[in-house]
Number of protein chains: 2
Amino acid sequence: MEERRYKHVQNFLKLQIQKGYYVVGSYLPSENELCSTFSITRTTARKALEELLKEGFIDRQHGKGSIVRERRKSLGLLNVKGFSEAVGKDVSTVFLQHPKPGLWDPAIHFTISETELNESCVHFARLRRVGEVPVMIEYNWLADTGLKGFPGIDFIEGSFFKTLSQHYHIEITGSEHELRAENATKNIAALLKIPHDSPILHISVKFHTSNNNFFIYSELYCNTENYPVGNSYHL
Amino acid sequence: MEERRYKHVQNFLKLQIQKGYYVVGSYLPSENELCSTFSITRTTARKALEELLKEGFIDRQHGKGSIVRERRKSLGLLNVKGFSEAVGKDVSTVFLQHPKPGLWDPAIHFTISETELNESCVHFARLRRVGEVPVMIEYNWLADTGLKGFPGIDFIEGSFFKTLSQHYHIEITGSEHELRAENATKNIAALLKIPHDSPILHISVKFHTSNNNFFIYSELYCNTENYPVGNSYHL
DNA sequence: CGTTTTAACTTGTACGTACAAGTTAAAAAC
DNA sequence: GTTTTTAACTTGTACGTACAAGTTAAAACG
């Protein structure tokens, strides 16, 4: 069975974007250019671009072209409000634990499949601050299969997802969340520099990726007193 | 300027679904049927159906047809896990305040536009329980313009959104959330039957609708001890 | 009667054409 | 030199055709 023509063009362009040949804000080739370079009709070229639009890689502008965009914004991911995308970028991230092989932790709230349990896992933890104030602790686990040479490389622009995309061409395709309000444990309270038993927001996340059967698990602990967690969804 | 042909078909089918002429699980007319009834080509019929798919009204199945689906599931809305969609449906909702004209409440976290402030608003509040255990309190506000005869009608299947869709053909098109972990106030604690100062999850929501400039504001207070709040997003 | 084949449906992909509509920069008019 | 017009691009809509591929029930076969 042969790969669909539109799928071929779609994957070609996606790879170019992932590799950084087209930076955010730049324009992809026009529909007619794609037609001649791939020997296809506009119907097929349009279908490929339409799919990239659905996946959140591009925006399309009538009369102008297809513009590469920050994909993260198309995902309904939770984010600390006024964090990372905020204007005042006095935001810092420190590693509590650099990526390192380890064991699947019982702290993970989502159910881990048999296949994953049989593999070894990589763990890392980070603390995120606004100014000098710590606002979030983030524990992450993932199966270390397929990501050759992973624990040992630096994150591109400090972003794990960006590294996953550019180095391994793996994209986030979805996520599941579980939200709980809890009293901070002694450990968490100390790291967030808040009184013991302060209310904190505990978020358990299971990220789905373009690589089937490969998931990323995160447990987040947020001090929402000054920086609430935000989320937005639009059709 | 004339309405686009595909848009006409799209809106026609959408209205049929909203009015309940096509129930969830039933099939829409096939592409070829749409072609003959509307005197259009398959390209146009497909475009209309493709749009309904994007909006979450239908699923499409190769070789079978377009099936009407529960739209809620396509929206990245927060929901109480094991609630409403759960198997054991011993779930109940009681009104703390039936829909009634009132004032815009300062408890609303999102900014309310000038236009909205100049209009009067409708308020209602509900308590949701699993068995005998209260798990969530929900305060809602909306501008009462356009929804003629609203405060006074019963909710269809107890759902405000379903009522909005079937009676007024207004759909939820997106939402913004702000999440906070807080200590329960005396009032909230009493309603949720939990000790004063227990940690609760406070969610502020601004729903966007198909009716531009019309929003719904909610403030939710959840006891997540036994029923965490869930959310899932898929491409 | 039970199985296999066929035929008639469905949606999916891909071809080609034509014109509408938004954008932009060069050419023409003033 | 400034403004207006035009022309050359872009994407959007809509036409029509053909075949591929998934689904299902009736027809043919054993």
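Which side chain does the side chain of B:Glu171 join in a polar contact of 2.8 Å? The partner is B:Gln18. A polar contact here is a pair of N or O atoms within 3.5 Å; within protein, one must be able to donate a hydrogen and the other to accept it, and residues adjacent in sequence count only if both atoms are side-chain atoms.

Before going on, some ground rules. This is a predicted model, where local features need pLDDT of at least 70 and side-chain atom pairs count only at pLDDT 80 or more, while totals for chains, interfaces and linings use all residues. Residues are numbered from 1 along each chain as its sequence is written, chains are lettered from A and ligands numbered from 1 in the order in which they are written, and side-chain values use heavy atoms, leaving out hydrogens and water.

**Around B:Glu171**

Back to B:Glu171, which sits in the loop between helix H5 (160-168) and E7 of chain B. Helices (H or I, at least four residues) and strands (E, at least two) are DSSP runs, numbered from the N terminus. With a relative accessible area of 9%, B:Glu171 is buried. That word means under 20% relative accessible area, with exposed over 50% and partly exposed in between (1.4 Å probe, protein chains only). The side chain of B:Glu171 also makes a polar contact of 2.6 Å with the side chain of B:Ser165. Leaving aside residues up to four places away in sequence, B:Glu171 touches several others, including B:Phe57, B:Arg71 and B:His208; contact means heavy atoms within 4.5 Å.

**Salt bridges**

A salt bridge is a side-chain nitrogen of Lys or Arg within 4 Å of a carboxyl oxygen of Asp or Glu.

| Pair | Distance, N to O |
|---|---|
| B:Glu50 and B:Arg60 | 3.8 Å |
| B:Arg71 and B:Glu171 | 3.3 Å |
| B:Glu138 and B:Arg126 | 2.9 Å |

B:Arg71 lies in the loop between strand E2 (65-68) and strand E3 (79-80) of chain B and B:Glu171 in the loop between H5 and E7, so their pair ties together parts 100 residues apart in sequence. B:Arg71 counts as buried, at 10% relative accessibility. Buried residues turn up again with B:Glu138 at 7% and B:Arg126 at 5%. B:Glu50, on the other hand, is partly exposed at 23%, and B:Arg60 is partly exposed at 28%. Over in chain A, a network of salt bridges links A:Glu31, A:Arg42, A:Arg46, A:Glu50 and A:Arg60.

**Where the chains meet**

How many residues does each chain bring to the contact? Chain B gives 34 and chain A gives 34. About 2,900 Å² is buried between them, with carbon and sulfur atoms giving 56%; buried area is the accessible area (1.4 Å probe) that two parts lose on being put together, summed over both. In chain B, B:Leu179, B:Tyr233 and B:Leu235 lose the most area to chain A, together 24% of what that side buries. Zero salt bridges are found across this interface, but nine residue pairs are in polar contact (both at pLDDT 80 or more). On the side of chain B that touches chain A, E7(B) supplies the largest share, 11 residues.

Strands also pair up between the chains (DSSP must find at least two bridges between them). Six bridges join strand E7 (residues 172-183) of chain A to E10(B), and the two run antiparallel.
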